[in-house]
Amino acid sequence: MKEEKIALGDTEWLLTKSQVKERQFTSDKPIVGKLIVRFREAWNSVATKWYVRPLLQQQNSFNQLVVSQLHEHDQWFILQDRAQTELASDLAQMSTHLGQISRRLQQLDEQLARLETQQSDSS
Amino acid sequence: MTPVNQSFPSVTIIVLNWNAGGFLPDCLTALLDLNYPNFQVVVVDNNSSDDSVEMVRRSFPHVELIGSPTNRGFAAGNNLALRQTDTDFVVLVNPDVIVDADWLHHLISPMQADETIGITGSKLFYPGRTLIQHAGGYITSPQALPGHYGLREADSGQHDVPRDVDYVIGASLAVRREVIEQIGLMDEDFFLYYEECDYCLRARRAGFRVVYVPEATAVHIESVTVTRNNIAYFQTYHTSRWRYLFKHWPIAIILAETIPVEAAWLDTLPPVHRQGASHAYVATLKNLRPIWRARQAADLAFPTPDEQTQLDRALRDLRQKAWQSPYLAADTNNALSLENIQVVAERPFTSQLPLVGKAVAWLRTMWGNVATRHYVRALIQQQNEFNQLVTSYFNQHQVKLMQQDANGIEMIQTLANLSTQIAQVNEQLQAVEARLARLTQRQ
């Protein structure tokens, strides 16, 4: 089986592939090819087709649900990505503000040290 | 409540309730029928959504009721009542426990006779009373997994001797006043599980004995208020276990023994349990600073910066390990990985019939060859293509999940670093304020 690639987010294509369909019989045989095809169709119509069709419908419903779930997960990933981006940006801002507060505190500390020295000198 | 006399010291029985209305009537009826003259019963309701509060008011009007506006967990709920008691002894009881008539007398009398005993616990049975559920508890090393003596053993008197134990479960736990006065209340940062292990360990460190009393019998229906075997349960359970470990155990042992054993143990767990454990590691990572403070409050050494780094790394590795392998389809050792089962393949007909078996299989093959095989094969091919695409898509989801997970861990770490920096800035600020106040005073 040739391996097909699918990009994340392309659930539309996945949905089209989720529906398994009956195919027409074909034959490459010259002259008798058409006869073989008609014979197989008739043979298949006796019971097999009617037996397989309900199974196929159930499998298709399941496939469709799988795609729908994967699509929901995609939406969840998008939301998570957004939330994480916002959170990362908030954290970066917090870090910057904290750095500014820390530097300001350092300045105040130095000013205070000078005042303490002045006060002890004057007393 | 003051003691009537020395033979029957005063006791408060605290029943912590959360949506256990179906069990509470039997529990309270049994308590009110106790052969003991000097006790009171207090029900603490942890914001139940069932009708248990109404039921207590209606059917047990003499029982004191304390309501909590939120469900604050086992320790905080019990503490609400513990703060208000002044009796000689306090007993914690779960609402799904049905005590025997002499249960209280047997719990209290060993502590009356021996002042070194600070906490006593019961022999608890499963419903039906044939199997033991708890005959005292022990904590295993190096993971601090708890165990119960007698668990699921038929009771034939093999646990009928009182003994000192690591802990007794909070479903039926009696404590003397002096213990509460010396070690304080229960640690409210344990939401559920391990509170009693923590409390018993603290009592033992304070010099009190924790004793299992086989005569103090009761039936414990167990876990009516919590659903086990889901991710939330395992998360809460292991978060508490790691809090207990980090709060009480030597860091060197955690690093050298607990972490490697935990890593190997994860391989043996089913996915739901692993995922719960994985969440618990993250919860622990987020709460490391408060846990270290609790450790310091317990007079144990604060981990060195190097140890903190190692523990942080180890928890992340455990988290990665717990989360990863059962779900990664790329895990080729996993027989159930999607790649291994994505192709629906035809199988040759077989028959078990003697002699004619081969002929039957041949006939079926021939019959199938006429049309069915050609008809079904086309369908299988399409289904296989779809399966392969879904597998590929699912694997990309796994990669995406891992990326988001890694981002999450990184942000948790950034947040932890920021918290540390904020704490440092706060300390500097306090120092500056103090100096400023001194300066102003002098002027």
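**Aromatic rings, within and between chains**

Guide: Let's start with a cluster in chain B, where ring pairs link Tyr193(B), Tyr194(B), Tyr233(B), Phe234(B), Tyr237(B) and Tyr244(B). Rings of Phe, Tyr and Trp (its six-membered ring) pair if their centres lie within 6.5 Å; planes under 30 degrees apart count as stacked, over 60 as edge-to-face and the rest as tilted.

Some ground rules: this is a predicted model, in which local features need pLDDT of at least 70 and side-chain atom pairs count only at pLDDT 80 or more, while totals for chains, interfaces and linings use all residues, and side-chain values rest on heavy atoms, with hydrogens and water left out. Residues are numbered from 1 along each chain as its sequence is written, with chains lettered from A and ligands numbered from 1 in the order in which they are written.

Over all chains, the whole structure holds 14 aromatic pairs. One joins Phe25(A) and Tyr375(B): the ring centres are 6.5 Å apart and the planes stand at 40 degrees, so this pair is tilted. It crosses between chains, from the loop between α1 (11–18) and α2 (33–46) of chain A, which holds Phe25(A), to helix α14 (residues 372–442) of chain B, which holds Tyr375(B). Helices here are DSSP runs (H or I, at least four residues), numbered from the N terminus. Both Phe25(A) and Tyr375(B) are buried, that is, under 20% relative accessible area (1.4 Å probe, protein chains only).

Tyr194(B) sits in the loop between α5 (177–183) and α6 (195–205) of chain B and Tyr244(B) in helix α7 (residues 231–248), so the pair ties together parts 50 residues apart in sequence. Tyr194(B) and Tyr244(B) are both buried.

With contact meaning heavy atoms within 4.5 Å, 43 residues of chain B and 56 residues of chain A take part. The two chains bury about 4,600 Å² between them, 67% of it on carbon and sulfur atoms; buried area is the accessible area (1.4 Å probe) that two parts lose on being put together, summed over both. In chain B, Tyr375(B), Phe386(B) and Tyr393(B) lose the most area to chain A, together 17% of what that side buries.

Charges join in too, with four salt bridges between chain B and chain A, each a side-chain nitrogen of Lys or Arg within 4 Å of a carboxyl oxygen of Asp or Glu. Glu116(A) bridges to Arg435(B), with the closest N and O atoms 3.0 Å apart.

Notes: Helix = DSSP H or I, 4+ residues; strand = E, 2+ residues; numbered from the N terminus. Buried < 20%, exposed > 50% of the residue type's maximum accessible area, 1.4 Å probe, protein only.
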